[in-house]
Amino acid sequence: MSDAIVSIRNVTKSFGGGITAVDRVSLDIAQNEFFALLGPSGCGKTTLLRMISGLETPTSGQIIIAGEDMAFTPPNKRPTNMVFQSYAVFPHMTVEQNVAYGLKVTGVPGDEIRRRVGEALEMVKLTQLATRKPDQMSGGQRQRVALARALVKRPKVLLLDEPLSALDAKLRDDMRLELTRLQETVGITFIIVTHDQDEALSMASRIAVMDRGSVQQVASPAELYEHPRTRFVADFIGKVNLIDARVHRQIGRKIDCEVRGVGRMELLSDGLVGAQVAIAVRPEKLKIASQEPSSAIRVMGKVRHVAYFGDTSHVVIEAADGLSLSVNVQNESRHGGSGVERGQPVWVHWSPEDSIVLTE
Amino acid sequence: MDNWKQNPRVFWTLGLPPSIWLLLFFIIPLGFLFVMSFSDKAVIDGQISINEYDYLTGFSNYIRAVDPLYLTIMWKSIWISALATALCLVVAYPIAFGICFAPNRWKPLLLLLVVLPFWINLLIRTYALIAVFRTRGYVNEVLGLVGLGPFEMLYNDFAVIFGLVYVYMPFMVLPLYATIERLDKSFLEASLDLGASQFQTFLRVTVPLTMPGIISGVILVFIPCLGTFLTPELLGGANAIMIGNVIERQFKAANDWPFGAALSFLLMYATFGALALRYLFTLRSKGVGV
C-alpha cells in the first residue's frame with residue numbers, strides 16, 4: 001500500500017523466558033483509516049500497539065511511521081499519541097492542564113496552547129469542566145480528557161488501547177459513535193486495540209485479527225464475517241457452526257467432500273484432496289423446515305434446546321453422528337416464537353454457497 | 001476493623017491491652033514531663049534539692065530555653081537536620097526508584113539490603129563510621145594511595161550530617177518505595193507519549209505524584225534527626241552539639257529535669273509544626289496517598 005501511514009514489517013517482540021508476544025507481523029495501515037487490532041487477551045495486540053507508540057521496542061523488524069523507520073525512536077519523538085486503557089489522566093492537574101501538558105512540554109507558545117486546548121475541549125464537549133480535577137469526574141469524562149489530550153497534539157496516528165473496556169454498556173455505545181464521529185472530523189488514522197468483536201466490527205474500516213502473536217487475517221468487517229480464512233477467525237468473529245469434513249476429490253473448482261453428520265457434498269474450494277477441513281456456516285444462514293426441503297444440503301435432527309432472545313431465537317439441533325448445529329431463527333410473527341419446540345424432529349438446510357471451507 | 005461496631009467485644013479485647021500500655025507508659029510519663037516543664041527544683045533549707053520539686057511554679061524553664069545560647073543550638077539542630085534530610089532525599093529517591101523498576105525477583109533482596117543496617121546496633125554502626133573517617137581510617141588510607149590527605153573528617157558538622165544520612169536513610173527509602181511502587185506507570189508513559197522528555201516527566205509527573213511519599217520520608221527523617229543525641233555525641237565532638245545533646249545532659253549530667261522537660265516540649269512543638277505542614281500538603285496534593 002503506497003499511502004500507508006504506518007507500515008509494520010516483519011516485527012517480532014520476544015520477552016525474557018522465551019515468550020514471543022508478537023511473531024513476524026507485517027501490516028500496512030493507510031492514511032485516515034480506522035484500524036482495529038482484534039484478538040483474545042494475550043494475543044499480542046497491545047504489545048504491537050505499544051511498539052507503534054514507542055513504549056516498547058521490537059526485537060526485530062521495522063516500524064515505519066510517515067515514511068521513517070521509527071522502531072527505536074522514543075515515544076516523545078514520534079508523531080503518535082495514545083489513549084491509555086486506564087486513561088492515565090494526570091490526577092494532580094485540572095482538565096485544562098492535562099490537555100495543555102503535551103503542548104507545554106514541547107514549548108508551544110502560551111496563546112497557541114490556550115487556543116488549541118479550547119478547541120480540543122470543545123471537540124470532546126468538556127469546555128464546561130475545564131477547571132475540574134480528574135477525581136471529580138466520571139470514567140467517561142476522564143476518557144474524553146485522555147482523547148482531547150492526545151488529539152490536541154495533532155498526531156498523525158492516534159492509538160487507543162481498549163478505549164471502551166472500562167465504561168458501562170450504555171456509555172460504551174455512545175462512545176463508539178463518538179469515536180467514529182471524531183475520527184471522521186479530525187481525519188487522523190485511528191488504531192484501536194480491542195478484544196471485543198462488536199467494537200471492532202462496528203467502528204473499524206479494517207480489522208487485523210490476531211492470535212498467539214501473529215496476524216490471522218486483515219480485512220473489512222464484512223469480509224471477515226463472510227469470508228473468514230481460518231477456523232480461529234470464523235470462530236472469533238460472530239457465532240459459527242464448524243463441521244469437520246474430509247475431502248475426497250477435486251472436480252474442477254469444487255471439492256467433493258464427506259461432511260460429518262451431513263454426507264457427501266460439493267463445495268467451492270481447491271487443492272485439498274485427502275485433507276481434513278472444516279465447513280463453517282453462520283447460524284443465521286441455516287434454515288429449519290418441518291418437511292424435507294429441496295436444498296442441496298439438508299440434515300435431519302432433533303431440537304435439543306431453544307433460547308428466546310426477543311428478536312431472534314437460538315435453536316440447537318442434534319443430528320446424526322454427534323453433529324450439533326446452532327440455528328438463529330428470526331421471530332417474525334408475534335405468535336409462536338421460533339415455531340419449534342424441544343424434542344421436535346426437524347430438517348436443517350442451507351445453501352452450499354453459505355458454506356465456507358476452512359483449511360487452517 | 002471495618003466491622004468493629006458489629007463486634008464490640010472483639011474490638012475491646014484486642015484494643016484494650018495496647019491502650020492501657022500506651023496510657024501507662026506513654027501518656028502518663030508525657031503528662032508528668034509536661035507538668036515538670038512548668039516546675040522548679042524545690043529549695044529546702046536554702047539548698048536546692050536533688051530529687052524534690054515545687055510543681056507548677058511557672059514559665060521560668062521556658063524563659064530560660066529561649067536564651068540565645070539555646071536558640072543557637074536549636075537553630076543549628078534544625079539546619080543540620082534539614083540538610084541531612086535533604087541529602088537523604090536526594091540519595092534515597094534514585095534508590096527507591098531503582099528498586100521499583102528492578103525485576104520482581106530482585107525486589108525483596110534489594111529491600112532487605114536497605115533495612116539490613118537495622119540489624120546492627122546503632123552504636124556499633126556509628127563506631128564503624130569512626131573507623132571509616134578517622135585520620136588513619138579507610139577513606140584517608142585510600143586517598144593516601146593517590147597522594148591526597150589525610151583529611152580531618154571526624155568531629156565536625158560534616159561527620160554529624162554524614163552519620164545522620166547514613167543512619168536514617170532507610171526511613172526515607174521505604175516510604176518513597178511504597179509510593180513509587182503504587183504509582184501507576186502509565187502516568188509516566190503518558191507523559192513520554194505526549195512529548196515530554198524523561199527529565200520533564202520526572203519533574204512534572206513523578207515528583208508531584210509521589211509527593212506524599214516524599215513528605216512522609218522527610219518527616220520520618222527530619223524528626224528523629226532533630227532529637228538525635230548519639231550521632232553528634234560520637235561524631236560531632238564538642239562543637240557539633242545539637243539540641244538532643246542538651247536535653248540529654250539536663251536529664252543526666254545536669255540533673256535538671258524541669259529544664260530538660262521544657263526543652264523537650266519545645267522540640268515536640270517544632271515537630272507538631274512539621275506534621276501540620278505535612279497535613280496542609282496532603283490536603284493540597286491529590287497524588288498517591290501513603
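This is a predicted model: local features need pLDDT of at least 70, side-chain atom pairs count only at pLDDT 80 or more; totals for chains, interfaces and linings use all residues.

Trainee: What makes a pair of residues count as being in contact?

Mentor: Their C-beta atoms, placed from the backbone, have to lie within 7 Å.

Trainee: Let us turn to B:Val91. Why is B:Val91 called partly exposed?

Mentor: B:Val91 has 15 other C-beta atoms within 10 Å. Buried would take 20 or more and exposed 12 or fewer, so with 15 B:Val91 falls in between and is partly exposed.

Trainee: Where is B:Val91 placed, and what does B:Val91 touch?

Mentor: B:Val91 sits in helix H3 (residues 68–101) of chain B. Leaving out residues up to four places away in sequence, B:Val91 touches B:Val165 and B:Met169.

Trainee: Next, helix H10 (residues 211–227) of chain B. How do you know that the span of H10(B) agrees with what its residues should give?

Mentor: The expected span is 1.5 Å times one less than the number of residues. For the 17 residues of H10(B) that comes to 24 Å, and the end C-alpha atoms are 24 Å apart, so the two agree.

Trainee: And why is H10(B) described as largely enclosed?

Mentor: Because 13 of its 17 residues are buried, H10(B) is largely enclosed by the rest of the structure.

Trainee: How is chain A divided, and how far apart are the centres of its domains?

Mentor: Chain A has domain 1 (4–235) and domain 2 (239–358). Taken over C-alpha atoms, their centres are separated by 39 Å. Six residues of domain 1 of chain A are in contact with six residues of domain 2 of chain A. On the domain 1 side, those residues comprise two nonpolar, two polar and two charged.

Trainee: What share of chain A is buried, and how many helices and strands does chain A have?

Mentor: Buried residues make up 41% of the 360 residues in chain A. Chain A has eight helices and 20 strands.

Key
Residues are numbered from 1 along each chain as its sequence is written. Chains are lettered from A and ligands numbered from 1 in the order in which they are written. Domain bounds come from an automatic or database domain assignment. Two residues are in contact if their C-beta atoms, placed from the backbone, lie within 7 Å. Ala, Val, Leu, Ile, Met, Phe, Trp, Tyr, Cys and Pro count as nonpolar, Asp, Glu, Lys and Arg as charged, and the others, Gly among them, as polar. Helices (H or I, at least four residues) and strands (E, at least two) are DSSP runs, numbered from the N terminus.
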